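Please read the points below with the model open.

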Amino acid sequence: MAVREIGIIVNGATGRIASTQHLANALAPLRAQGGLVDGGDRIVPRLLLVGRNAERLAALAQQVGAEAWSTDLDEALAAPGFEVFFDAAATRQRVAALTKAIAAGKHIYTEKPVAPTVAEGLSLLQAAQARGLKHGAVEDKLFLPGLQKLAALAAQGFFGRVTGFRLEFGWWVFDGTERASQRSSWNYQRSGGGGLTLDMYPHWRYVIEGILGPIRRVVCAAATAIPERIDAQGKPYRVDVDDSGLTLAELASGAVGAILCSWATRVRRDDLLTLQVDGTGGSALAGLHRCWLQSAADTPTIRHFNPAADIGADYRADWQEAPGAGAYTNPYRVGWERFLRHVIGGAPMPSDLSAGIRDVALSEACARSTAEGRWVALDAIAG
C-alpha cells in the first residue's frame, strides 16, 4: 500500500477546539494509527501548527507530533508541502485568514461559522471555486452517538409523519464575579464576533436539516440575559450580543419545532444538548451519547391531570433506550476523514462551504426575525 503524505496547516492550533478536538482527538490519532486508508493509498497527515504563543505552540507540537509550528501565518502559507489550510482561530479573523489561504492555493477546511455573514461566505466560496480548490466546513455534532441513533430512527421511518421537534441546549456561564467565566470575553462582544445566535445556530441548521429535512422559515426572539461580565483580567465589560434565544422553525414538510438555547440556564434535562422528535409513529429524544424512544404502541393514554394532587406518574417508564451500532468514531475525526478523502480522491463532501454558508443563513434569518418581530424565510443557498 502506497503512503501519501498530506500537509495540513492548522491555524488557531492552541485554542481549545483545535488542540483538544481536531488535534488530540482526530489528527494525532489518525497519524498514530498509520493514516487513513483510501483505496490503495494510506494518507498520513503532516502538521504545521500556527498560533500566537510560541511556547504553547512548541509544547503542543511535541504533544501531537507535528512537524513544524509558526507564529507567522504568512510564513506558514509560504511553506512548501502543505496543501490544506484549516482555520479554528477566532471568528473575527476567519475571513481574512481563509482569503489568504485561498490566494496561496490551499484547499480550505474551517470551523464554524465559516464567515460572520452570508455575503462574506459567498465571497470565499466564489474565490475557492475560481481557483479550483476543495473546501469544507466542520459539522461535528451530527456525528455525536446520540444524534446518530436519532438519525438512524428517522432514516428507518420510525417517526412516521414528523409532527414536531424540540432542541434544547446550554448551561450556566458564570459572569466572572463569583466564579471565573467558562467562556472567553470575545464570545460576548460584537467586535469579537461573539453572540449565541452566530456561534450556535450554525450547528442547529445542519443537525435539524441533516435529520429532519430543510428549514423553510423561522421566527426568533433573542435576548441578553447577563448584560455585564468580568473578563479574564478582572475588568468589567458590557455584553452587546445575545446570550439566550427562543426560535420556532417551520420545516419544508410543514412540521414546526422549537429551539431553546441559552448560556444563562441551569441544566435539568437529560443532557447538555437534547433533541426530541415527535411523529405519528413514535417519539425519540437524543442527548450527546444516548437516545430514548417511545413507539405509538407504547404511548400511554393520558386523559387528564390532577391540579389538586400529584398522581405519581412516571412519564419516563414507557420509554426504552435505542440500541447503538457499535463503536462510534470521534465526530471531529469523521469530518477530517471525509475531507481528506475529498481532497485526495474527490469523494463527495456534503459539508462544503455552501453548507457552511447555509448555516450562517440560519443565524442571519434568526437575527433578522428578532429585529423585525416576524417570520423570516431561510433563503436557499446552492449546494
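1. A search of the whole structure finds 10 aromatic pairs. Rings of Phe, Tyr and Trp (its six-membered ring) pair if their centres lie within 6.5 Å; planes under 30 degrees apart count as stacked, over 60 as edge-to-face and the rest as tilted. The rings of Phe169 and Trp263 have planes at 80 degrees and centres 5.5 Å apart, so this pair is edge-to-face. Phe169 sits in strand β8 (residues 162-170) and Trp263 in the loop between β13 (256-262) and β14 (273-279); the pair, 94 residues apart, links distant parts of the chain. Both Phe169 and Trp263 are buried (under 20% relative accessible area, with exposed over 50% and partly exposed in between; 1.4 Å probe, protein chains only).

2. The model is predicted: local features need pLDDT of at least 70, side-chain atom pairs count only at pLDDT 80 or more, and totals for chains, interfaces and linings use all residues. Residues are numbered from 1 along each chain as its sequence is written, and side-chain values use heavy atoms, with hydrogens and water left out.

3. Trp336 and Phe339 are also edge-to-face, because their ring centres are 6.5 Å apart and their planes stand at 75 degrees. Both residues belong to helix α8 and are three residues apart, which means about one helical turn between them. Both Trp336 and Phe339 are buried. Ring pairs join Phe86, Tyr109, Trp336 and Phe339 into a cluster.

4. Helices (H or I, at least four residues) and strands (E, at least two) are DSSP runs, numbered from the N terminus. Of the 15 residues of α8, 12 are buried, so the helix is largely enclosed by the rest of the structure. Arg333, Glu337 and His342 are among the buried residues. At the N-terminal end, Asn330 caps α8, with a side-chain oxygen 2.9 Å from the backbone nitrogen of Tyr332. Just after α8, Gly346 takes a positive phi of about 75 degrees.

5. Two cavities of 30 Å³ or more are found in the whole structure. On a 1 Å grid over the protein atoms alone, a cavity is a set of points where a 1.4 Å probe fits but cannot get out; lining residues have an atom within 4 Å of a point. The largest cavity has a volume of about 60 Å³. α8 gives the most to its lining, with three residues. The lining of the largest cavity includes Tyr109, Pro331, Gly335 and Arg338.

6. The second largest cavity has a volume of about 30 Å³. Among the residues that line the second largest cavity are Thr91, Trp186 and Asp199.

Terms used:
A polar contact is a pair of N or O atoms within 3.5 Å; within protein, one must be able to donate a hydrogen and the other to accept it, and residues adjacent in sequence count only if both atoms are side-chain atoms. On a 1 Å grid over the protein atoms alone, a cavity is a set of points where a 1.4 Å probe fits but cannot get out, and a pocket is an open set with protein on both sides within 12 Å along at least five of seven lines; lining residues have an atom within 4 Å of a point. Grid points are joined across faces, edges and corners, and a volume is the space filled by probe spheres set on the points.
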